[in-house]
Amino acid sequence: MEDTEVIQRIINKDKDALYLLYDKYSGALFGVILRICQNQVLAEDVLQETFVKIWEKMGSYNPDKGRFYTWAYRIAKNTALNAVRKSDRLIQNEDLGVLKDKNATESEVDFQKLNGAISRLEPHHQEAISLIYFRGYTHREANEEMGVPLGTFKSYIRQALQLLRESYKIGIVLFWWVTEVIG
C-alpha cells in the first residue's frame, strides 16, 4: 500500500492506517530520536508523542513539499529536542536514592567505545549502519542510497551488527533491539 493511500486513511481517522505507518517508520524515527535523547526510556516516550502529533497534524502534511518521512522526521526531531530541553530542567536524572548501586541494575552505553567499534568496520558496513541508525533512513531508502539490492543491504546490516557484537558486547543489546523494531 502506498504512503499516499495510508495518509488519506489517517486524515479520515482510520487508526489501522496509523499502525501501518508506525510499522513502516517507527524504527527509523526511533533511531533519530534515540540519537538525540541518548536515553531509551525518554526516546520511547518521544516516539509515542511523535506518532500522536502525526495523527493530529496529518491534515497539514503536503506531499508537494516533500516526502512523508521527511515531514515525520522533522516532527520527531523537534519533539525529541523539546523533550531533552524539558528533561534537563524538570527531571532528576542522577542520584535516584532508591538504587544503591546504579551500575548493578543498568549498563551505560559507552558511545565512544561504540564509535570506535563502528570505525573498525568495512566502509560499506559503516555506511549501512550510519544510514539506518544515525541518519534515520528506512532499509528501502538506505539500499537505494547505497545502490545495492535490498537483500544485500540487509546482509550488510546483519554482518555489521554481528561484527559489532563481537567487538562491543555491552551496547549491542541496544542495536539488536533497534534491529528488531525496524524488522
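**Exercise 1.** Which residue just after α8 takes a positive phi?

*Solution.* We are working with a predicted model. Start at helix α8, which spans residues 139–146. Step just past α8 and you reach Gly-147, whose phi is positive at about 75°. Now look back into the helix: the buried residues of α8 are His-139, Glu-141, Ala-142, Asn-143 and Met-146.

**Exercise 2.** Describe how helices α7 and α9 pack, and find what kinds of residues make their contact.

*Solution.* Two packed helices are described by the angle between their axes and the distance between the axes.

- Step one: locate the pair. Helix α7 covers residues 123–134 and helix α9 covers residues 150–167.
- Step two: take the geometry. The packing angle is about 100°, and the axes lie 9 Å apart.
- Step three: classify the angle. Angles of 65 to 115 degrees count as roughly perpendicular, so α7 and α9 are roughly perpendicular to each other.
- Step four: list the partners. From α7 come His-124, His-125, Ala-128, Ile-129, Ile-132 and Tyr-133. From α9 come Phe-153, Tyr-156, Ile-157, Gln-159, Ala-160, Leu-161, Leu-163 and Leu-164.
- Step five: sort them. The contact of α7 with α9 has 11 nonpolar residues, 3 polar ones and no charged ones.

Definitions and conventions
Residues numbered from 1 in each chain as written. Predicted model: local features only at pLDDT ≥ 70, side-chain atom pairs only at ≥ 80, totals over all residues. Heavy atoms only, no water. Buried < 20%, exposed > 50% of the residue type's maximum accessible area, 1.4 Å probe, protein only. Helix = DSSP H or I, 4+ residues; strand = E, 2+ residues; numbered from the N terminus. Axes fitted to C-alpha atoms, helices over the stretch in contact; angles between N-to-C directions. Parallel < 35°, antiparallel > 145°, perpendicular 65-115°, else oblique. Contact = heavy atoms within 4.5 Å. Nonpolar A, V, L, I, M, F, W, Y, C, P; charged D, E, K, R; others polar.
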